Amino acid sequence: MIQFLSSTLSRSLMVSVTLLYSTFLIGQDLTVSGIVTDQNNEPLPGVTILVPRTTNGTITDFDGNYKLKISEGDKLEYRFIGFLTQTVEVNGRTKIDVSLEEDVVQMDEVVVIGYGTVDKKDLTGSVSILSEDDLALQPVVRLEAALQSKLPGVVVNQNSGNPGSEVKVRIRGANSFGAGNGPLYVVDGYVGADIQSLNPDDVASISVLKDASASAIYGAQGANGVIIITTKNNKKDKTQISVKYQKSFSELRTRWDLMEGWQYMQTVNDRLRAGGTSEDNLLFSRLDILQAQSEGTTTDWQDAIFQTGQQDQIQVSVNKGSSVLSLAAQQNTGIITGTKYNRYNLRYNYSADIFEPVKLFLSISNAFEDRENSNNGEHINAIRAAVGWPTNLPIFDEVTGDYTRNAAYGPLPGNPVFMLKENPNRSFRNDLITNTFLEFKLAKGLKFKTQGIINLRGISSTSFDRVSPNIIASNPNASSYGNNNRMFFNWQATQQLSYKKTIGKHAFDATGIYEVRSSVERGFNSSGSELTTTALGYYSAGVADIRLNGASRENLEIWSYFGRVNYTFNGKYLFTFNARHDESSRLGTGYEGANFYGGAFAYRLSEEAFFPKGGAIDELKLRLSIGQLGSQAVDFLETIEVVNYNKGYSFDGSTFTRGAAVSRPKNERLGWETTNQVDAGIDLSLFDNRVNFTFDAFYKKTTNLIFNQLVPAYVGGGSLKVNSGEMLNKGIELAVSGYAIDKKDFSIEVNANVSVVRNELLDILGDADFIVSGPNQRDNPDLLDNTHRNFIGRPMGLLWGLVYDGVYSTDQEDLARQYNRSPGDPIYRDLNEDGRIDNTDMTVIGNPNPDFVWGLVTNFRYKKFTLNLVWNGVHGVDVLNSLKASTYGGAGNRDATNLDVLDRWTPDNQSSNIPGYTTTSVLYRQSSQWIEDGSYVKLRNATLKYDVPVKKLSWLKGVSDLSLFLTAQNALVFTKYTGYDPESLSNTGDKAGGFDEGGYPIPRTLLTGINITF
Amino acid sequence: MKRLFQIFVLTILCTTFSCVDLEEEPINQLRTNYFESFGSLRAAVNGTYTVLISDVWERSIQVGSFRVPQMGADDFTTLTGSNKEEWRQFDQFYQSSGNTRLQRSTWALLYDVIRQASWDIEGAASLEGIVNQEAIDQTVAESYFLRAWCYFWLVRTFGEVPIITSTVVNDDIYDVERQSVALVYEQILADLDFAIEHLPEIQSDYGYVNKWAAKAYLAEVHLTMAGWPLNQTEHYAIARDISRDVIQNSSYQLMDDFASIFQPENEGNEELIWSISLCPIDACGGGYTGSWTAKATKPAELNGYQDMYIELSFFERFPEGARKDFTMLSNLKVETGNPADPSYIRRVDGLEDKEIFYNYIDYTQFTTGHPYLKKYWGGFYDTTLVADDPAQPVDPQSPMDIPMMRLAKVYLMYAEAQARADGSPSAESFEFLNQIRRRGKGYPIDSVGTEVDILPGTLGTDDFVRAVVDEKGWELVGELNRWFDLVRTERVEEVNALRSPLEPLPIQNTITKQYYIAPIPATEIAINPRLTQNPGY
């Protein structure tokens, strides 16, 4: 239904657009006059007005007025240094007023900050910015991916290669142990917006607020940094239609080299033989193996689950009058069978001075997403199975005709193809946002802005689990379905009063805001089994004998008032002060409120009289800021005990009477995590602003960390959340950008950055020295421990396991015997020297937190060609390659599939570091044997763009711009990591990173596209 | 006009949302405003019963886990391998404070019921003056009963335990210590007093506790206080008087036939004073509403979990008769054996006109070599084994209620308390014992003079009490009684000495009084180190 609506709407809008375009008129000579102003409606003298491709032109007078004789059908081009050139269709008008926009690449660039803008030169905080030009050359499905490599202090990690899946963004490290560490997104003033379905082509600029003074204006939500996104508005009075089409193909970048069927069979036999099985009782006969070898009986399970992914995307945007209409559709298939992601975006932005003192902004956006098989857990299981399954088994069993089952995989319906094809899930998500504001100029310098945002979101997820083939035989009804529908109603109301005044050398700018946000989520779900038929798939509720229904409702209300004062003295000394008060419904009665403060000072040293003028240095600014922020780490119903209705009790033995029970104890005094940050920075511009340096150092401490404290069973058990513990992040960031060469036909632009963050857990819950995290290594029931530990005084999420010291050689037989091992068995270090190997011998075996990360963006332009290269590097990370361990066999009756195992230890191959087959062998997955260097350098994006010289091609009449582009993504990856990809690991939590059980690999993609503007 | 309209709409949009209440609105209700009517109190009390039977996989009362701390008695043993470690610990006397089933199914379950009962009691207090006080007291009296019942269970299992009688939050939950056994009994008696004062004699359905249930338990509490560890023998007389009150003044009667007590169609019969009431799946739907005791006590041959089955020596000592035949599974019918084997019985199936061969196998030929308890199978079982299809589907659940207190037990409690209080057993006490013995053999209850009768005057007090306690062992086997009787009368060592040498699970430690109480769960001490551990653990 939603999809139908969305497509109908897009179609009707397209029709309207066509109609608009066809109304252009043709006429005779006339005189045009008007006034040219800047964005603040101040008249601009000296603006050049030209009729393109003619010598006809004039210049505005002191009051910005102009007058020019032209031919009907001409266009007018307005040019002024420091401003963007604007072209206007005359369309028979005789009076054309034009407002020119300042050119953002100029030094006097305006930066969007929280609840306002500021000239870049007046910026006091640490803010990184991206403009639409920075985004244009990197086609991405999700906006976050375009932030990668480009901004210092912003680390972006693509968790999964599944199109449209979550991208992890961390600004200056992770602050929180128990809660989310993702930044706060603000889209056109909508605080806490969800940007997963935002169309990257709609984005005009991105500001990343990193330090405490810049983000303090967001108070209790700003601790993880703030990303402010502004969507595109029309360049005033410009009429333009752009169409972009692109198509891409993606493929798996690397593969595991695995044994062929006969090699696998032989290896299994070798293992059995070493374990004492007689020749007659081996699993495979010599004949079987020879036959498999001669016939080449091998199933390449990787081929069976991976495919070539594709993307088709079309983007149409129409600029007319004060409006921008943008429509986009994209369809993606992933590189794993069955994974699909389609998205349809619509955005209409209207921005105008509707009459003299009143400015109106209206934005309506709708995004519809359709995902198939987005369940990441299923992909991980399928990938694990694909590299671990016996390669001699076929996909389908010859006898039953159904999927092959493998006993070694136990109760799992583990056939990788079965997993992907027979457990489908699909989800629809529609996000409709209307965002409006009115800005009134009440007096000179005094403005009032009232903004209202309504966001309706619906998510409908369905799943169907067809029961595994072996169970179908005994119980055909054991398949199950699940439906889950959730509706969100979110709104925000912001009232903002701002005042600007300059008295002599003193400039003031004050803003006061009152804001209310509310979010309500309602859900209904149904799941069931015992289906009388499996033909209805997702929609089996009507044929399920067992059905479970559930309903839910969650709400959140936050209200806040806050303010900011900027004071500048003599253009040299800049001060900012922020204060905010937040109250949230999530916190206990009497503990709802919190205050947050931030302050900053900047000193423009280069403005001082003693500073040498005309030298290499154009601008030198020193910045210092300090502030306090909160983190919304408290979940719904975390602070109040509630009453749950339950099924009740059967007092008559045949019916149930409803009951009510009180929930487990809660902590009414639970509060927010609080982050204090100090930042010192230097901004430096050199050589006529051609080269810019920005350097920042920060120290960020989070206190009142939320931990789960265990509750004794005598009061109900479970756990409650308490504020305890501290975390420190400190680091430095350096960014350099500029033009190495800037000639008319040839330029090289370079933008490089490097960031270093050091994380340290200063204190945790109670008297504990450490906390475990990460999954239990399920392959080792005899050595069960979590994969990660978090110690006081060390970074979060260290990898934990045994130390692997190679293989016992024949000479070490006596030593091996002490541990009930034999030559050929792996040596694990007996750290506590108690004569046995168990989890008390585990230690820290790796640190998945990077030493440093860097990004490098270069733009080469030669005449009509542009080459954009985006590189990034992550260095000094350890990864536990658990996927590799599973290809070595050794646990859970599984056998080796990895070709390396053919070179295992044998009495004749003593030098091998790969354990051999013995009667006593135990291979632990959680050991340093599997630790690898996960550092990498990637060429994420390489785009070659060619601008067709349309002006020279008469047959392209009406086309103002035409470009063709070719992009390669992840074309080059330099890493020592032997798995699919060190970036897309299966486990990506901040306290359980660097652990690879088989994440969805990031593909290599080749993309081609065309961009036409009329 | 159009502009004005736009402005109008926008102004409305932007300003109407600017007021907000700062409150979370859960779909469930906040506890602070939950109690507002009689109905809310009734639902809360119902919810307290619900805790007893919910969460079958983890802990609830109708699953085998609840029986773990009573495995030290001589009636049940368990599997050597498999996932039965927790049962084995108690059966073989190497109990560990890390026993998770002990923690979840006894400690955590009972304290959860206590917390809910305390919440009901707090809620009832907040309804004072709003709702008819008599109705409040009568309803919340059930919660007082359930709280007393849970503490009685806790004090007998663990000895000293924390006494918590309110729903606390924040850091106060760690500010708790264990209290003496005497103090726990004081708490139990106080709650039972309230329950007895306010509970009605008859409830609308048999699943609710009534005054007689509270009195019968009061009698058992006094009987227990008279024995180990308090040994306050003055309580025998109180136990005698209260149990006599129940026998004389309540409308409960012994069923004529032992088997009829455990038939699903007889649920809530006139012998049952209080049962854990369960519901069949077809009436109440899924969600594990039935009894898992059936599954826990079934052999693998019948798809059971065989958490616990009968000890060999106990089976041999168990008096023959109708009661034993009903209570114990000692053979299985096996179909389609070897037709050449002359021991198989040939029968022609009339419908399909085919030959079926069957035979019976003795329990010694079961995989475990032990007889099984079948009183909870509620008729929902088939002891026929189809050899070709061992995976025959057997419903894991049975809707059978689990009797907690029945009149036969009160008869025997009276007999013991009378003999101890008065110094010698009366003729009436002998008659009560004999009535139970007669029914066990299969004779009518009042057929005085059968060969199972013990003639009045033939046993001294100690021997009489021993006979009574052992009779309870047979009569109430699997009804969560035997272990506590053995502890109270200090006979754990004695009966375990009778354990058959053929048992695959030998006792691993010399049994001392240490083992009379279970270890405090280690997880609780880890969370609150102020809790002490019982000696020896």
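Residues are numbered from 1 along each chain as its sequence is written, and chains are lettered from A, with ligands numbered from 1, in the order in which they are written. Since the model is predicted, local features need pLDDT of at least 70 and side-chain atom pairs count only at pLDDT 80 or more, while totals for chains, interfaces and linings use all residues; side-chain values use heavy atoms, with hydrogens and water left out.

Cavities come up first. The structure holds 15 of them at 30 Å³ or more. A cavity here is a set of points, on a 1 Å grid over the protein atoms alone, where a 1.4 Å probe fits but cannot get out, and a lining residue has an atom within 4 Å of a point. Grid points are joined across faces, edges and corners, and the volume is the space filled by probe spheres set on the points.

The largest cavity comes out at about 480 Å³. Its lining takes in 32 residues, with Val141(A), Gln158(A), Gln969(A), Pro1003(A) and Thr1005(A) nearest the centre. Two or more lining residues come from each of β17 (240-251), β18 (309-320), β19 (323-333), β49 (961-975) and β51 (1004-1013) of chain A. Strands (E, at least two residues) and helices (H or I, at least four) are DSSP runs, numbered from the N terminus. By residue type, the lining of the largest cavity splits into 10 nonpolar, 20 polar and two charged.

Next is the second largest cavity, at about 210 Å³. Of its 20 lining residues, Leu198(A), Arg347(A), Ser365(A), Asp431(A) and Ile433(A) sit closest to the centre. The elements giving two or more residues to this lining are β20 (340-355), β21 (358-372) and β22 (425-443) of chain A, and β21(A) gives the most, with four. The lining of the second largest cavity holds eight nonpolar, seven polar and five charged residues.

Now for the aromatics. Rings of Phe, Tyr and Trp (its six-membered ring) pair if their centres lie within 6.5 Å; planes under 30 degrees apart are stacked, over 60 edge-to-face and the rest tilted. The count comes to 67 aromatic pairs over all chains. One of them, Trp228(B) with Tyr516(B), is edge-to-face, at 4.9 Å centre to centre and 75° between the planes. This pair links distant parts of the chain, 288 residues apart: Trp228(B) is in the loop between α7 (211-226) and α8 (235-249), and Tyr516(B) in the loop between α17 (492-496) and α18 (522-527), of chain B. Both Trp228(B) and Tyr516(B) are buried, where buried means under 20% relative accessible area (1.4 Å probe, protein chains only).

Phe258(B) and Phe262(B) form a tilted pair, 5.6 Å centre to centre with 45° between the planes. Phe258(B) counts as buried because its relative accessibility is 2%, and Phe262(B) does so at 0%. One aromatic cluster includes Phe66(B), Trp149(B) and Phe484(B). Arg156(B) lies over the face of Phe484(B), at 4.0 Å from the ring centre, and also over that of Phe152(B), at 3.6 Å.

Lastly, β5 (residues 75-79) of chain A joins β2 (residues 48-50) of chain A through three antiparallel bridges, with Thr48(A) opposite Arg79(A). Strands pair if DSSP finds at least two bridges between them.

Conventions. On a 1 Å grid over the protein atoms alone, a cavity is a set of points where a 1.4 Å probe fits but cannot get out, and a pocket is an open set with protein on both sides within 12 Å along at least five of seven lines; lining residues have an atom within 4 Å of a point. Ala, Val, Leu, Ile, Met, Phe, Trp, Tyr, Cys and Pro count as nonpolar, Asp, Glu, Lys and Arg as charged, and the others, Gly among them, as polar. Buried means under 20% relative accessible area, exposed over 50%, partly exposed in between (1.4 Å probe, protein chains only). A charge sits over a ring if NZ of Lys or CZ of Arg is within 6 Å of the ring centre and within 35 degrees of the ring normal.
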